[in-house]
Amino acid sequence: MRAIRRFSVRTVLPEAIAPLGDLASNLRWSWHEPTRDLFAGLDPKRWKAVRHDPVALLGDLGTDRLAELAADPEFVARVNAAAADLDAYLHEPGWYTTHAAEAGEAGAPRAIAYFSAEFGITAVLPQYSGGLGILAGDHLKAASDLGVPIVGVGLFYKTGYFKQSLSREGWQQETYPVLDPDGLPLALLREADGTPCQVRVALPGGRQLVAHVWKAQVGRVPLLLLDSDVQANDEAARGITDRLYGGSGEHRLQQEMLLGIGGVRALRLWSRLTGAPNPDVYHCNEGHAGFLGLERIRELVQSEQLTFDEGLEAVRAGTVFTTHTPVPAGIDRFGTDQIQTYFGGDSALPGVPVDRILALGAEDYPGGESGVFNMAVMGLRLGGRANGVSQLHGEVSRTMFDGLWPGFDDREVPITSITNGVHAPTWVDHRVFDLAEKHLGTRLVADANVWDDVPRVPAAEVWGARREMREQLVLEARRRLRSSWLRRGASGAELGWIENVLDPDVLTIGFARRVPTYKRLTLMLRDPDRLRALLLHPERPIQLVIAGKSHPADDKGKSLIQEIVRFADDPAVRNRIVFLPNYDIAMAQYLYPGCDVWLNNPLRPFEACGTSGMKSALNGGLNLSILDGWWDEWFDGENGWAIPTADGVEDPEHRDDLEAAALYDLIEGQVAPRFYARDEESGLPGRWLEMVSHTLRSLGPKVLATRMVRDYVEQLYTPAARAGWALDGDGHPGARELAAWKQRVRASWSGVRVDHVESSGVSDAPQVGDVLSVQGFVSLDGLDASDVQVQVVHGRVSYQDELTDTQVVTLHHAESYEGGRHRFEGDIKLARTGAFGYTVRVLPAHAGLASPTELGLVVNA
Ligand SMILES: *Cc1c(COP(=O)(O)O)cnc(C)c1O
């Protein structure tokens, strides 16, 4: 093999059209159609050939053509108008301006760092594998729209995620095309003298990992991507950022050290270069970036002479952790020996003892494994605030991680939830926006009441747009299928049949997602004869468009893909079912608008949220899904269909049979009949279109990423920033005090007791409205009354003699006695009939706690 040294020559644009460079390098074009139209107009054929990549297009045009364009006054005017529009977008006040003003003196964060192992922003920058990355991309885009001062931090993977194709036999093939960062919309961070900035992270054996930092500009939001492929590194270190989720556990540990530790260092660099404020809040999107907390502790230990515990308090307060999966295989776990190797000895992080690090990631709770270092567990221990990504996932996560808060009911585990959302301008077809603009006078956007007016758009036009979008998908699917078959070894002459694959007037069902087992790609094949009958129904046929990548190491997933491909290869059905290789953003942008129904059939409750169905809904698609993730929360009986789950059924085979049968029944009995029931007069499927309209109206405002980012700002970022500031300041007195207080409380806690409880005020025959007065007598050992809160937990008593539907009332301190004894008292109004019960408990109390359950300490009566 020849070693080809490659580099890209950046285009020099003539002065008159120089703003094209800014328009190409700011990724706003990826969700701004007018900017894309401008580029497409430069050379429509080339635009297609470079797969809608503005940087590549400009590089391809050649100086003659560029000079020609620069001499065309009309074109120059268009460029200037587009540049002015981008400038206006970058500087207009957003929702955040109002938020910050309303926050007043209490303050709102000046900057928020958002760490993620993957970012899915555009197909041009393939730095994502699936939902997690797409979500991160949508988060940045929505933050840009709202003016939220976020800065993204990630890695630059030289080959990104793999490209998928199929062998003749339908087996997934992976290729790893090498990305050249110089040919991408990225800028290298440089020192004033032009040399590339360096970030360093210590590796075992005295090695230094050096990384360069690329910046992508996502509207107003900078995204910093660390790249280890630099000459200063040895061969092994250069390969650390070679690919997304590749290689061994050790490779991954090195990637995550670079992301977390190097990421914080990149932020300091960014601040030094640009004067940007250092973040007040650090958001750790899933556990991969968890080491960021350790690096920040190191900073405080070394520069402020805090102890580890004091640093931990200061860091925790301003950290938000989001967990994204209830699937154990989705959580990164390393061996404690690996952590020893990388953080022990002449450690990567001086001042941060490895035994403290190990304790943060230890599964030292019932059901946990010893010898294992769990990144999600560390994330929860380093994050003062934590959340799951849908209400159901919040609930599941509280159960999954309840071992970290022993003594509390699951519902009190301090993990909240913020349901994911999607970035409409990226995912919604322009036809939908055009209709809104034409009939409602505005684009569909967040918090405009415009969603309520959706029913005013004439049904015939909605149907017309839906047909166009379906047809657009059909044509794209044929194109992709043809090129897939050519790769699979077919000759063009054999492929005439592809002209008739899919029909723009047939009910189109989409199913596209990664292929882990719990997503059950092949559930639809459970009864192949029934599926065939649905596809080939003489009056009410359906057609299926399927896509999805399996992790390269997952042969089980690959065999599921092969099963689907083999079924779809059958000449008897191949006109009605296709598997399209290489699911990515570019394909997704055809799929969501083009499918009438979006199918999702995960094994409940393993789909933490799911977002593809939201993108479908915003395009007027109807969801047909198991009640899992977001659908469990927002299905309302009219905006799609719920596939009944057989949750209680233990035998997985039997469960699949039941759920598949329910799926076929729904399609046959409800979905297809409704799609094909045409009104006599108009020829439209009236009931179907009512569901479409209801879907947009009911789900539109909820599923937006702008709603999600506002929730993060209000519920997590702003409180986290304030908690951080309370522990901040010269010498960090707040952090020192909180750490000392926690130590004192932990040391004394074994002496805390509820001595006895008295009550009065309720007769033998209590009635609703009566007031129960409760007195709790407690011993606090050496603690003060102000160090604790004494609570009454009351509710209904169940048949198992347990409290349900509980509420909490905090008692106030009434009197102190000798020997550290105290009386607390308060009233409870009896508000419900039925069996009533209560109990008294003591918890730590401090203004610096994000939640009273934080320490996991409680004493029950
Ligand atoms: C939205 C999206 C996903 C995530 O979809 P889920 O419903 O969470 O599975 C994955 N890949 C691509 C390309 C997407 O656009």
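Q: Which residues does the UniProt annotation "domain: DUF3417" cover?
A: According to the UniProt record, an unreviewed entry, the annotation covers residues 13-125. UniProt positions follow the numbering used here, feature names are shortened, and an annotation may be inferred rather than shown by experiment. The structure is a predicted model, in which local features need pLDDT of at least 70 and side-chain atom pairs count only at pLDDT 80 or more, while totals for chains, interfaces and linings use all residues. Residues are numbered from 1 along each chain as its sequence is written, and side-chain values use heavy atoms, with hydrogens and water left out.

Q: What is the helix and strand content of residues 13-125?
A: The span is 59% helix and 5% strand. Helices (H or I, at least four residues) and strands (E, at least two) are DSSP runs, numbered from the N terminus. The end C-alpha atoms of the span lie 23 Å apart.

Q: Why is Glu-412 called buried?
A: Its relative accessible area is 16%. Buried means under 20%, exposed means over 50%, and partly exposed lies in between (1.4 Å probe, protein chains only). Glu-412 therefore counts as buried. The residue is found in the loop between helix H16 (391-400) and strand E16 (416-417).

Q: What makes the pair Glu-412 and Arg-841 a polar contact?
A: Their side chains are joined at 2.6 Å. A polar contact is a pair of N or O atoms within 3.5 Å; within protein, one must be able to donate a hydrogen and the other to accept it, and residues adjacent in sequence count only if both atoms are side-chain atoms. The value of 2.6 Å therefore meets the distance limit. Glu-412 also touches Thr-853, not counting residues up to four places away in sequence; contact here means heavy atoms within 4.5 Å.

Q: Why is Pro-455 not classed as buried or exposed?
A: Its relative accessibility is 43%, so Pro-455 counts as partly exposed. Pro-455 lies in the loop between helix H18 (430-440) and helix H19 (459-487). Not counting residues up to four places away in sequence, Pro-455 touches Ser-693 and Arg-697. The C-alpha atoms of Pro-455 and Gln-743, 288 residues apart along the chain, are separated by 60 Å.

Q: What makes helix H12 (residues 308-317) largely enclosed by the rest of the structure?
A: Of its 10 residues, 9 are buried, so H12 is largely enclosed. The buried residues include Phe-308, Leu-312, Val-315 and Arg-316.

Q: How do you know that E1 and strand E4 (residues 150-155) pair?
A: They are joined by 4 bridges and run parallel. Two strands pair if DSSP finds at least two bridges between them, so the count of 4 meets the criterion. In E4, the bridge partner of Phe-115 is Val-153. E1 also pairs with E11 in the parallel sense, again over 4 bridges, and Ala-113 stands opposite Tyr-282 in E11. From strand E1 (residues 112-115), Ile-112 and Tyr-114 point one way and Ala-113 and Phe-115 the other way, and all are buried.

Q: Which strands pair with E12, and in what sense?
A: Strand E11 (residues 281-285) and E12 pair in the parallel sense over 4 bridges, with Val-320 in E12 as the bridge partner of His-283. E12 is also joined by 3 bridges to strand E15 (residues 385-388), and these two run parallel. In E15, Ala-386 is the bridge partner of Phe-321.

Q: Which residues come nearest to the ligand?
A: Of the 15 residues around the ligand, Lys-519, Tyr-592, Thr-611, Ser-612 and Lys-615 come nearest. A residue is near a molecule or strand if one of its heavy atoms lies within 4 Å of it. A polar side-chain atom of Lys-615 lies 2.6 Å from an oxygen atom of the ligand. The protein covers 94% of the 390 Å² of accessible area that the ligand has on its own; accessible areas come from the Shrake-Rupley method with a 1.4 Å probe, and for residues only the protein chains shown count as cover.

Q: Which helix supplies the largest share of the shell around the ligand?
A: H22 does, with 3 residues. Helix H8 (131-146), helix H22 (585-594) and helix H23 (612-618) each supply at least two residues of the shell.
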